[in-house]
Amino acid sequence: MPLAKHLTLLAQCLVAWAVFWLIGWPDYYLQYSTVALGVACTVLSVAFSLLAVWLLVNTRPAHRMSRALWLSFYFTVPFAVLDTLYCGVHLGYGGDYPRVFWYLTVFYVTPWLTFLPTAWLLQPRRGAQPGATT
């Protein structure tokens, strides 16, 4: 992937994190109940699953897995770094922040569990005829 695309994905990630950070004010979502956070995480996970299908179905089959890997990376690793800096360092939770902010840390794993299997499932199967139904 060209450097410009990496920088675009990184910029999109930073903007997405900033939006989630602003929405979470004043207490980075701690002001909401566990049930509300659980429901929000579920809805967001379904939205990410639909987004994964939409993004990957519109990608050439030869590039799907690579795109899934990069999307998973850029929407987990920078988020984890930024959350560590904000929650662990700035807010002072240290290494305990993943337990306190569980609803954030769930999303350090779910993109990997969504984008990669979606890319794999969308790959054409050997011997399958285009447009054939089973």
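Predicted model: local features only at pLDDT ≥ 70, side-chain atom pairs only at ≥ 80, totals over all residues.

Modeller: Residues are numbered from 1 along each chain as its sequence is written, and side-chain values use heavy atoms, with hydrogens and water left out.

Biologist: How many disulfides does the count come to?

Modeller: A disulfide is a pair of cysteine sulfur atoms within 2.5 Å. For Cys41, the closest cysteine sulfur is in Cys87 at 13 Å, too far for a bond. By this rule the count is 0 disulfides.

Biologist: Is Cys41 buried or exposed?

Modeller: Buried means under 20% relative accessible area, exposed over 50%, and partly exposed in between (1.4 Å probe, protein chains only). Cys41 has a relative accessible area of 12%, so Cys41 is buried.

Biologist: Where is Pro26?

Modeller: The peptide bond from Trp25 to Pro26 is cis, with omega near 10 degrees. Helices are DSSP runs (H or I, at least four residues), as are strands (E, at least two), numbered from the N terminus. Pro26 sits in the loop between helix H1 (3–23) and helix H2 (34–57).

Biologist: What is the phi of Tyr28?

Modeller: Tyr28 is in the loop between H1 and H2, and at 2% relative accessibility it counts as buried. Its phi is positive, in a residue other than glycine: near 50 degrees.
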